[in-house]
Amino acid sequence: MVKLMWGATMLAALAASVPAAAAAQGSVVTPVTAPPVTPTRASRTILFIGNSFTFGANSPVRNWHANTVTDLNGAGYGGVPALFKAFTEQVGLDYQVSLEVQGGRTLGFHYEQRRRLFNRAWDVVVLQEYSTLDPDRPGNPRAYINDIARLSRLFARANPQVQIQLTATWSRADQVYRTPDGPWSNKPITLMALDLRAAADRARAVNPLVTGVLPVGQAWNRAFLTGVADPNPYDGVNFGQIDLWSFDHYHASTAGYYLEALVVFGRVTGVDPTTLGAGEQAADALGLSREQASALQRVARDQLAAG
């Protein structure tokens with residue numbers, strides 16, 4: 001199937017999301033700048049709260065190494081938290097990793113229905129909102145910002161030094177290419193991720209307890225621009241490029257979740273993701289090639305350096 005040419009609008013959106021210098025994938029490895037958490041070999045606790053984008057739905061990541069993390073709901077998920085755990089072990093860091101996840105739910109649900117499970121002291125908390133922010137009013141950040149405030153206060157009461165990170169997720173191909181009259185319909189594929197990042201930035205600006213934002217969606221945008229990943233799975237995937245989405249073009253593929261975990265790992269630990277190397281163990285176990293692992297690590301490194 002012939003690939004559609006990207007228009008000037010899409011290229012402009014990509015340029016706004018990713019500095020041109022990031023395209024040089026073979027550049028010398030540079031450290032991630034200004035990490036919010038200083039690397040340490042002392043044991044630290046980290047909690048992931050989210051939905052299917054955190055537990056790795058529609059991919060082998062979902063239950064991968066579930067025995068290495070603590071699922072507070074007892075559902076047996078490994079997901080992105082287990083990938084994070086694997087990365088930290090490979091660089092000699094000790095993180096006690098927990099997750100509290102529920103598919104298709106907002107952060108408000110976790111606060112209202114599940115907070116008894118996680119109302120305790122944590123060193124780091126990663127919060128991932130519903131993919132469109134508000135399921136009933138896609139793109140509206142009001143409830144998201146309010147729920148971030150409630151959760152941040154809860155965690156800060158238990159540990160005033162807690163590091164709270166907000167995950168800004170990726171553009172959904174189904175929302176862009178197959179959802180008539182949606183807020184991102186027929187817009188550049190990069191726009192939804194940028195809108196989600198803007199919402200996370202707003203939530204952080206009005207909630208001083210929030211430490212930072214994890215630019216996962218922007219890392220996906222960077223992968224599109226640099227040719228690592230294909231931006232439109234509906235018209236075929238170019239040879240040599242990665243499909244970051246799963247079969248529903250909504251959730252992530254193994255590669256998509258791998259990139260998400262790399263961004264979390266790099267920002268939380270302050271360790272350059274490329275130090276994991278082409279032979280990184282999780283990528284090999286999950287069927288990613290050495291070339292794919294290296295390319296995704298470079299994307300994560302460059303996006304973290306960009307902010």
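What does helix 4 (residues 107-118) span between its end C-alpha atoms? The structure is a predicted model, in which local features need pLDDT of at least 70, side-chain atom pairs count only at pLDDT 80 or more, and totals for chains, interfaces and linings use all residues. Residues are numbered from 1 along each chain as its sequence is written, and side-chain values use heavy atoms, without hydrogens and water. Helices (H or I, at least four residues) and strands (E, at least two) are DSSP runs, numbered from the N terminus. Helix 4 spans only 13 Å, whereas a straight helix of 12 residues would span 16 Å at 1.5 Å a residue; the expected span is 1.5 Å times one less than the number of residues.

Buried residues (under 20% relative accessible area; exposed is over 50%, partly exposed in between; 1.4 Å probe, protein chains only) of helix 4 include Phe 109, His 110 and Phe 118. His 110 counts as buried because its relative accessibility is 0%. Beyond its neighbours within four places in sequence, His 110 is in contact with residues including Ile 49, Glu 100 and Arg 115, contact meaning heavy atoms within 4.5 Å.

Aromatic pairs were also examined. Rings of Phe, Tyr and Trp (its six-membered ring) pair if their centres lie within 6.5 Å; planes under 30 degrees apart count as stacked, over 60 as edge-to-face and the rest as tilted. This rule gives 13 aromatic pairs. The rings of Phe 48 and Phe 84 are edge-to-face, because their centres are 5.8 Å apart and their planes stand at 65 degrees. Phe 48 lies in strand 1 and Phe 84 in helix 3 (residues 79-90), 36 residues apart.
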